[in-house]
Amino acid sequence: MSQAPSPAERASAPIDLRRVRRLFSDPARVAESGFLRREVAGRMFERLELIRTAPALVLDAGCGEGADLPLLRQRFGEARLLGLDASAAMLGAARASQDAALSSVNRLLRRFLPRAANAPGVNADLVCGDFANLPLAAVSADLIWSNLALHWHPQPHQVFQEWRRVLRVDGLLMFSCFGPDTFRELREAWAGIDGAPHTLPFVDMHDFGDMLVDAGFATPVMDMETITVTYADADRLLADVRAWGGNPLATRSRGLLGRAAHARLRAALDAGRRPDGKLPLTFEIVYGHAFRPVPKTTAAGESIIRFDRPKK
């Protein structure tokens, strides 16, 4: 009798990381989808307001063009910020945005407050890398923040293990990503055309919760919500889907979509228009946060027993 697959086995997908980097190599194209990232970031910050933390080092894992870094700087003014992304092009856009913001602030300061010129601005370090193999020492970060990035990795359970490695005891992980209902309308439209995979098999939030526990995080809190974006035409909808990363599956069809198939896809999408004439596109947004707990065993596997002094 075969055993049921583990959460990690259910979550792993044949994502081609090299293709992910190529899909995110054009910041101008990706910028078209930035409105959703900004909306989700705002909702993540609302959740963060409920948690008391004063981190010394904040890692934005999958920072993209760096849109969340100014918000993190505003929230944690004294912290060291590190933005990490697998796309060198996106990091270049983040660096240009950071430099432009600093230049604008200093121009204003030189005009109105000359003594305060040369302000530090966002002042975040930017590093290109894989967030399943972080260029950080163990127990070095206090907060890991990741907005709509985790679903692009083929093995999220390994990412959680790496994130736990670099977090300090009581350090906080806060992330968001797409859930299984994302792009539902597009999957349904493709189902009547061919059997090839055209969207990622996004991970269920309960599987994420199980993976966090398996990775050694304490009391993970998971929740989700649905956001519906509407479009006037199918071409704009498909352009945004490509801007959100398209189809990076290694098992995707390699041939170009012919005119007839494209027309059928548009017709299938048009059939789903709402009464107001708009085309809906569903996004299931999964939110999670968890802490790295105090260790119960040593590196050698020996149990750690703590004795609290009795209160006098």
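Residues are numbered from 1 along each chain as its sequence is written, and side-chain values use heavy atoms, leaving out hydrogens and water. The model is predicted, so local features need pLDDT of at least 70 and side-chain atom pairs count only at pLDDT 80 or more, while totals for chains, interfaces and linings use all residues.

**Exercise 1. Strand 1**

Find out whether the residues of strand 1 are buried or exposed, and name the strand it pairs with.

Solution. 
- Start with the terms. Strands (E, at least two residues) and helices (H or I, at least four) are DSSP runs, numbered from the N terminus. Buried means under 20% relative accessible area, exposed over 50%, partly exposed in between (1.4 Å probe, protein chains only).
- Strand 1 pairs with strand 2 (residues 80-85) in the parallel sense, over 5 bridges. Pairing requires that DSSP finds at least two bridges.
- Leu59 faces Leu82 of strand 2.

**Exercise 2. Phe76**

Locate Phe76 and list what it touches.

Solution. 
- Phe76 lies in the loop between helix 5 (69-75) and strand 2.
- Its relative accessible area is 4%, so Phe76 is buried.
- Contact means heavy atoms within 4.5 Å. Leaving aside residues up to four places away in sequence, Phe76 touches Leu48, Thr53, Pro55, Val58 and Leu143.
- Ala56 is 20 residues from Phe76 along the chain, with 8.6 Å between their C-alpha atoms.

**Exercise 3. Helix 8 and helix 11**

Describe how helix 8 and helix 11 pack.

Solution. 
- Helix 8 (residues 184-191) and helix 11 (residues 259-270) pack at an angle of about 130°, with axes 9 Å apart.
- Axes are lines fitted to C-alpha atoms over the stretch in contact, and angles run from 0 to 180 degrees between N-to-C directions.
- The contact is made by Glu185, Leu186, Ala189 and Trp190 of helix 8 and Leu265, Ala268 and Leu269 of helix 11.
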